[in-house]
Amino acid sequence: MSTPLLTLFSHHAQGGLRERLCATLRQAIAGGHLTFGQKVPSTRQLAGDLGLSRVTVEAAYAQLESEGYLQRETGRGTFVAIVMPAQTARAATVDRPRFSARGDTVIATGGCQDPPFPHAFAAGSPELRAFPHQLWRRLYASVQRSYGSQLMGYGDPLGYLPLRGAIADYLALSRGMRCRPEQVIILTSSQQALQLLAMMFLDPGDEVWLETPGYPGARNAFLAAGARCRGVPLDDEGAIVQRGAARLLYLTPSHHYPTGVAMSLARRLAWLAWAQRHGSWIIEDDYDSEFHYDERPTPAMQGLDRYGRVITLGTFSKSLFPSLRLAWMVVPPALIAPLGQARSLMDGHSALLPQAVTAAFLQQGHFASHLRLMRQLYRSRRDLLLAQLHPLSPWLTPIATPGGLQLTVTLREGENEAALSAQAERDGLALPRLSPLATEAPGQAGWILGFAALSPGEIATGCAKMASLFRDN
Ligand SMILES: Cc1ncc(COP(=O)(O)O)c(C=O)c1O
């Protein structure tokens with residue numbers, strides 16, 4: 001009878017002897033090795049089998065009796081006192097959990113897939129090897145020294161005020177935005193902003209418009225809320241204003257994701273008038289405006305908004321590093337308190353220490369210097385990728401992009417985007433597909449090639465692999 005106990009006991013190596021024995025017996029009962037009504041070994045026998053003292057076994061039995069697993073009967077012995085559900089029933093529920101209708105909708109979106117580490121040509125990764133690690137460590141230590149326990153309690157769901165102020169200053173200067181620090185809400189990511197806005201503004205069946213092709217993270221957040229997503233086509237002035245109304249409109253006006261088109265001023269004004277007419281909200285995702293190489297990016301749409309209908313999102317995932325998990329949302333004054341309350345329900349607030357370090361990084365001018373360096377680096381990498389792709393022009397056409405961390409290419413008709421991407425994957429090369437980014441099928445075949453995180457050698461090797469992929473097919 002004690003053989004399974006002996007094996008289980010040897011697997012529980014952590015903690016004191018009494019705790020290990022308790023864990024062993026709980027597991028034996030949960031796993032069906034000991035069943036309801038069964039007599040367990042006497043303290044003398046178990047102590048002998050496991051090489052423990054009787055006092056330890058006594059103490060463990062007493063503890064398990066107080067938890068309801070065992071019952072001791074004077075003169076008769078100790079018995080299992082609990083009926084565990086049958087093993088097979090448990091296995092069935094664990095394998096196929098039943099979710100709410102909302103849960104099923106969430107699962108159907110497929111979620112978000114961000115590259116866990118930079119590699120050719122995964123999209124969306126910044127160059128982490130060029131990050132000023134030493135400076136960051138110094139700032140971390142100095143913030144911790146100066147603020148110590150002040151940053152260890154609960155924080156404001158809207159964010160750490162000095163960081164909100166530093167972002168408001170940066171946005172006024174670099175993005176032509178008009179906002180007070182209070183209008184800046186700190187979040188873990190743009191994705192969390194989208195999730196929060198979907199939760200607050202969308203009922204199942206509501207209509208949301210987004211550019212097609214467009215950012216799947218946004219589409220999936222809206223679909224998860226049960227919204228109906230309709231694609232808005234683009235021309236060279238950006239998303240074309242449509243007839244009718246939608247509850248929300250998601251745009252990337254400064255640098256369309258993934259083609260890089262910048263929306264014209266006339267279009268921006270027309271969309272703002274549309275939002276005012278229909279009482280709609282415009283989500284402006286300003287996701288990579290820090291990285292424009294050929295000319296200054298157009299100012300954010302928020303700066304033109306006289307009606308308070310624009311919510312602008314930005315993230316440090318690209319300009320600093322993704323695992324920092326800090327982003328922001330600039331909202332009209334009427335939304336500050338309701339969105340703060342919603343955020344408090346979600347996860348309380350973002351971690352305080354990284355917010356304070358990031359605030360210092362911005363206030364001391366390091367952010368501006370880091371961006372200047374990264375812009376130079378990324379521009380040279382984009383130019384190199386364009387040059388290396390030139391010999392592949394029989395198969396693909398790059399879409400000229402004035403900025404960003406990735407370059408979109410379209411594939412010549414007849415090329416099988418999905419098959420080529422799958423084959424490249426087997427060869428360790430990521431070729432993220434363009435066509436699934438269309439809201440309505442069929443999407444244009446192509447790839448979104450991340451270049452910012454790749455050294456010149458990595459770009460050259462990736463392009464050589466791509467070339468052999470075409471030649472072998
Ligand atoms: C258009 C767009 N918005 C947002 C993000 C992600 O930002 P975050 O990491 O803050 O969710 C990305 C990432 O690739 C993006 O392409």
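Mentor: Let us begin with Thr-252, which has 2% relative accessibility and therefore counts as buried. Buried means under 20% relative accessible area, exposed over 50%, and partly exposed in between, with a 1.4 Å probe and protein chains only. The model is predicted, so local features need pLDDT of at least 70 and side-chain atom pairs count only at pLDDT 80 or more, while totals for chains, interfaces and linings use all residues. Residues are numbered from 1 along each chain as its sequence is written, and side-chain values use heavy atoms, with hydrogens and water left out.

Trainee: Where is the place of Thr-252, and what lies 3.0 Å from a polar atom of its side chain?

Mentor: Thr-252 belongs to the loop between β8 and α11 (265–278). Helices (H or I, at least four residues) and strands (E, at least two) are DSSP runs, numbered from the N terminus. The backbone nitrogen of Tyr-257 is 3.0 Å from a polar atom of the Thr-252 side chain. A polar contact is a pair of N or O atoms within 3.5 Å; within protein, one must be able to donate a hydrogen and the other to accept it, and residues adjacent in sequence count only if both atoms are side-chain atoms.

Trainee: What is the peptide bond from Tyr-257 to Pro-258, cis or trans?

Mentor: That bond is cis, with omega near 10 degrees. Pro-258 lies in the loop between β8 and α11.

Trainee: Why is Leu-248 counted as buried?

Mentor: Leu-248 has 0% relative accessibility, and therefore counts as buried. This residue is found in strand β8. Both faces of β8 (residues 248–251) are covered, with Leu-248 and Tyr-250 buried on one side and Leu-249 and Leu-251 buried on the other.

Trainee: What makes β8 and strand β9 a pair?

Mentor: Two strands pair if DSSP finds at least two bridges between them. β8 and β9 (residues 281–285) have four bridges, in the parallel sense. Trp-281 in β9 is the bridge partner of Leu-248. The C-alpha atoms of Leu-248 and Trp-281 are separated by 4.9 Å, although the residues are 33 apart along the chain. Strand β4 (residues 207–211) also pairs with β8 in the parallel sense, over three bridges, and Val-208 stands opposite Leu-248.

Trainee: How do you know that the buried residues of helix α1 are on the same side?

Mentor: In α1 (residues 3–11), Leu-5, Leu-8 and Phe-9 are buried. They are on the same side of α1 because they cover an arc of only 105 degrees around the axis; the arc is that of the directions from the helix axis to the C-beta atoms. The face turned away from the buried side carries the exposed residues Thr-3 and His-11.

Trainee: Why is Arg-325 called partly exposed?

Mentor: Arg-325 has 36% relative accessibility and so counts as partly exposed. The residue is in the loop between β10 (310–315) and β11 (327–330).
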